[in-house]
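Subject: A structure for you to look at

Hello,

Here is the structure I promised to pass on. Please open it alongside this message, and then read on for what turned up.

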Amino acid sequence: MILSNSNIINSFYSTFMSKINELKQTVNRPLTLTEKIIFCHCSAETIINYKSGNNYISIKPDRMVLNDITAPIVLLQLLNTKQEKTAIPTSIHCDHLIKVNKDKQNDLNDALHEFHDIYDFLQSASNRFDIDFWEPGQGISHQLVFENYVFPGGIIVGTSRHTCNAGGLCMLGFNIDESEALDIIQNHDIEIEIPQIIGIKLEGELNGWTSPKDVILKINGELKIENKNTIIEYFGSGAETLSATGKATICNMSTELGASSAIFPFDKKMKRYLRATHRTAVASRVDEIASYFCADTEVIKSPNQYYDRVIEINLSEIEPYISGPFRPDNAIPISQFAENVLLNGYPRKLDAGLIGSCVNSSYEDLSKVASIAKQSLEKDIPTASKLFICPGSKQTFDTADRDAINMLLKQIGGQIMANACGPCNGQWDRVLDDPQKKNSIITSFNRNHAKRTDGNLNTLTFIASPEIVIAMTIAGDLCFNPLKDRLMTYDGEKVKFTDPIFEELPKYGFVTKEKPVIQNAKNEITFHQNSKLIQAICPFDKWDGKDSLTLELLIKVKGKCTIDQISLSRPWIKYRGHLENISNNFLIRAINIFNGKTNTVWNRLNNRYEPVPKVAKDYKNNQLESIVVANENYGEGINREHAALEARFLHVRAILANSFAPKHEINLKKHGILPLTFINPEDYNRIQEKDSITISGLCSFTPLMPLDIKIKHENGEEETFKVQHTFNQQQIDWFKAGSALNFRKYE
């Protein structure tokens with residue numbers, strides 16, 4: 001449900017105050033804002049343990065947000081439990097699958113047709129578990145969450161790196177994977193490492209062409225974070241000059257630094273935004289206790305004593321920045337950018353400019369863009385490049401439509417697309433005359449990695465503020481600097497843009513508030529017959545009680561084996577609700593050490609080299625189980641649930657490696673797979689291509705106790721050695737039950 005009930009609000013903030021007062025007595029020192037929020041979501045026992053030096057704490061978040069490519073696998077597994085509703089308020093947003101191809105309505109219609117299996121399932125499952133379901137076309141998850149659900153002092157978690165967008169309204173947002181989302185739905189806390197806290201003091205005020213986007217681009221270009229477990233906390237008089245949506249932009253892109261979250265203290269700008277988005281009760285309640293929603297006075301006066309690192313930035317001295325290509329942290333001031341373009345030989349001609357994404361699609365952003373579009377029309381300047389706009393939500397789009405912003409953008413040739421992630425998430429079905437030719441585009445998005453927007457390695461993507469993006473798009477020139485350069489009108493006159501003007505919030509308020517789909521009747525879950533996109537998941541089998549597992553070697557991976565090599569994301573995202581189909585991407589990018597090729601391994605059943613998923617399925621269909629052997633840090637990267645689920649579905653029962661990425665190691669354990677590590681790293685070299693590998697010692701499986709490995713080579717020779725593991729007793733119980741989900745169900 002949308003947080004609007006006054007009793008819920010009063011209860012939360014009354015508890016918040018008392019918890020902070022107790023917390024101060026426990027730790028006996030001034031607190032940062034981050035510490036206040038985190039520890040107010042912990043038990044008293046956790047806080048005491050923290051004081052004694054424990055590095056991990058368990059927190060209970062207030063809300064959770066899922067999207068249409070992460071929610072299916074969570075809900076499909078949830079159907080195998082006794083759960084009747086989610087343990088915390090949850091929302092699902094259909095924003096990732098809509099492709100940019102034709103125009104707003106046609107693209108939406110295409111998505112509704114192509115992905116109706118997914119949408120119908122998500123809507124019926126949301127109704128079953130009392131989840132707020134936001135239909136395709138209603139907006140991007142982070143924008144909708146910011147407009148409807150975010151409240152100061154809370155903690156929100158989501159299956160996206162940019163959940164920290166919520167920091168723009170003084171709410172901590174954390175990224176979780178699908179397995180953690182399933183845990184939270186079942187009323188389990190999440191465990192986080194005590195973060196380092198970087199304090200960034202903002203002074204002065206932005207002016208001219210400089211925007212909040214430039215603040216975070218500058219920070220991304222200059223600040224290096226060594227510890228990924230870091231939260232950035234902004235403070236200072238300059239912070240109070242930034243709008244709520246401007247603060248959200250800064251928080252959103254803080255993850256590009258490697259930070260886990262970011263937050264601003266509560267102020268008048270936030271209060272104004274809450275009121276404008278129909279949350280007057282929240283604004284009033286927070287305003288009564290506003291002193292609780294900032295760092296303590298002693299911290300502000302002596303920040304170096306309380307933050308792990310302090311950085312000072314004068315907003316008045318910042319100029320616009322542009323980052324790219326390929327890295328968001330490759331940020332350069334606009335005064336130096338043209339020289340950089342020429343020096344590196346980047347294509348100077350701009351093919352396209354794109355505005356929107358969850359980071360820059362607010363009403364404020366669109367009004368800035370419209371002010372430049374208006375100048376272009378009044379001064380008779382032609383638009384040289386293609387322009388695409390993806391509004392963040394239907395509410396924002398409708399308000400911009402009423403206020404003639406959309407009309408201005410269309411008049412200069414802008415194409416307004418569906419309210420969805422679109423190109424920011426790689427869903428741009430772009431047609432190029434020559435895909436092999438390098439081309440430059442500029443966006444207001446948050447990421448610009450290779451192939452990110454259109455899947456083309458030859459596309460060089462640059463990031464800037466929305467106003468810089470539209471100015472450069474009109475010019476069609478990557479070297480154009482609107483602060484000083486002039487453009488030619490249709491009549492041959494040279495003119496210059498004036499500084500953009502904007503409305504922080506719509507003068508006449510937002511149009512009617514959009515709401516999630518509400519159904520009262522608890523209908524059956526919708527599974528379309530023979531669907532290729534949604535498939536029910538059967539619970540995995542329990543351990544058979546035998547002391548050993550004999551496994552066929554599926555693949556011995558050469559070098560790194562990241563999440564993208566285990567479970568390639570695009571173009572497979574539409575199959576994330578169909579475990580059988582998405583398993584066809586399992587390890588297809590991993591390099592087989594025996595032949596140096598990808599997706600080509602030996603099949604003992606027919607003595608041929610075939611694709612990895614094909615061989616794994618052959619073994620499974622013939623009642624054989626398999627093992628993967630890898631080197632260092634297996635599963636490195638953004639942890640996708642499918643990388644572990646696919647392995648278990650294909651009857652891969654163990655991964656033997658020199659080391660694991662911690663999150664992926666836990667995911668493997670949750671699905672009843674044995675992540676084992678070589679005690680002697682050189683034992684990796686003993687594995688041969690046609691080996692069978694037996695793991696023994698399962699009847700006496702206990703924490704810290706090594707397991708035994710026996711290798712049987714093709715020539716009949718055998719070798720033995722021991723391997724270690726990191727299972728605790730609960731995780732051993734998961735293995736015996738077949739999965740963590742089974743264990744909780746039987747429990």
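Let me start with a question: which backbone oxygen does the side chain of glutamine 138 reach? It is that of lysine 515, at 3.0 Å. Before going further, please keep in mind that this is a predicted model.

**Around glutamine 138**

Glutamine 138 sits in the loop that runs between strand S4 (132-134) and helix H7 (141-148). With a relative accessible area of 6%, glutamine 138 is buried, because buried means under 20%. Leaving aside neighbours within four places in sequence, its contacts are Phe133, Leu144, Ser393, Lys394, Asn419, Glu514 and Lys515.

Helix H7 itself is largely enclosed by the rest of the structure, since eight of its eight residues are buried. Among them are His142, Phe146 and Glu147. Helix H8 (residues 178-185) is mostly covered too, with eight of its eight residues buried. The buried residues of H8 include Glu178, Glu180 and Asp183 as well as Leu182 and Ile184. After H8 comes asparagine 187, which has a positive phi, near 75 degrees.

**The nonpolar cores**

In soluble globular proteins, nonpolar side chains tend to be buried together. Here the largest nonpolar core has 195 residues, and Ile200, Tyr234, Ile470, Leu587 and Tyr634 are those with the most contacts inside it.

**A helix pair**

How are helices H10 and H11 arranged, at what angle do they pack? H10 (residues 244-252) and H11 (residues 268-276) pack at about 105 degrees, and their axes are 8 Å apart. That angle makes H10 roughly perpendicular to H11. Ala244, Thr245 and Lys247 make the contact on the H10 side, and Lys269, Met270 and Tyr273 make it on the H11 side. Sorted by class, this contact has three nonpolar, one polar and two charged residues.

**Two partly exposed residues**

Threonine 526 belongs to the loop between strand S20 (494-495) and strand S21 (548-556). Its relative accessible area is 27%, so threonine 526 is partly exposed. In sequence, threonine 526 and phenylalanine 121 are 405 residues apart, yet their C-alpha atoms are 4.9 Å apart in space. Not counting residues up to four places away in sequence, threonine 526 touches Asp120, Phe121 and Ser124.

Glutamate 718 is in strand S29 (residues 718-724). At 45% relative accessibility, glutamate 718 also counts as partly exposed. Glutamate 718 touches Lys710, Ile711 and Lys712, again not counting residues up to four places away in sequence. Between glutamate 718 and serine 692 there are 9.7 Å from C-alpha to C-alpha, with the two residues 26 apart in sequence.

Happy browsing, and do write back with any questions.

Best wishes

Conventions
Residues are numbered from 1 along each chain as its sequence is written. This is a predicted model: local features need pLDDT of at least 70, side-chain atom pairs count only at pLDDT 80 or more; totals for chains, interfaces and linings use all residues. Side-chain values use heavy atoms; hydrogens and water are left out. Axes are lines fitted to C-alpha atoms, for helices over the stretch in contact, and angles run from 0 to 180 degrees between N-to-C directions. Helices (H or I, at least four residues) and strands (E, at least two) are DSSP runs, numbered from the N terminus. Angles under 35 degrees count as roughly parallel, over 145 as roughly antiparallel, 65 to 115 as roughly perpendicular and the rest as oblique. Contact means heavy atoms within 4.5 Å. Ala, Val, Leu, Ile, Met, Phe, Trp, Tyr, Cys and Pro count as nonpolar, Asp, Glu, Lys and Arg as charged, and the others, Gly among them, as polar. A nonpolar core is a set of buried Ala, Val, Leu, Ile, Met, Phe, Trp, Tyr and Cys residues joined through side-chain atoms within 4.5 Å. Buried means under 20% relative accessible area, exposed over 50%, partly exposed in between (1.4 Å probe, protein chains only). A polar contact is a pair of N or O atoms within 3.5 Å; within protein, one must be able to donate a hydrogen and the other to accept it, and residues adjacent in sequence count only if both atoms are side-chain atoms.
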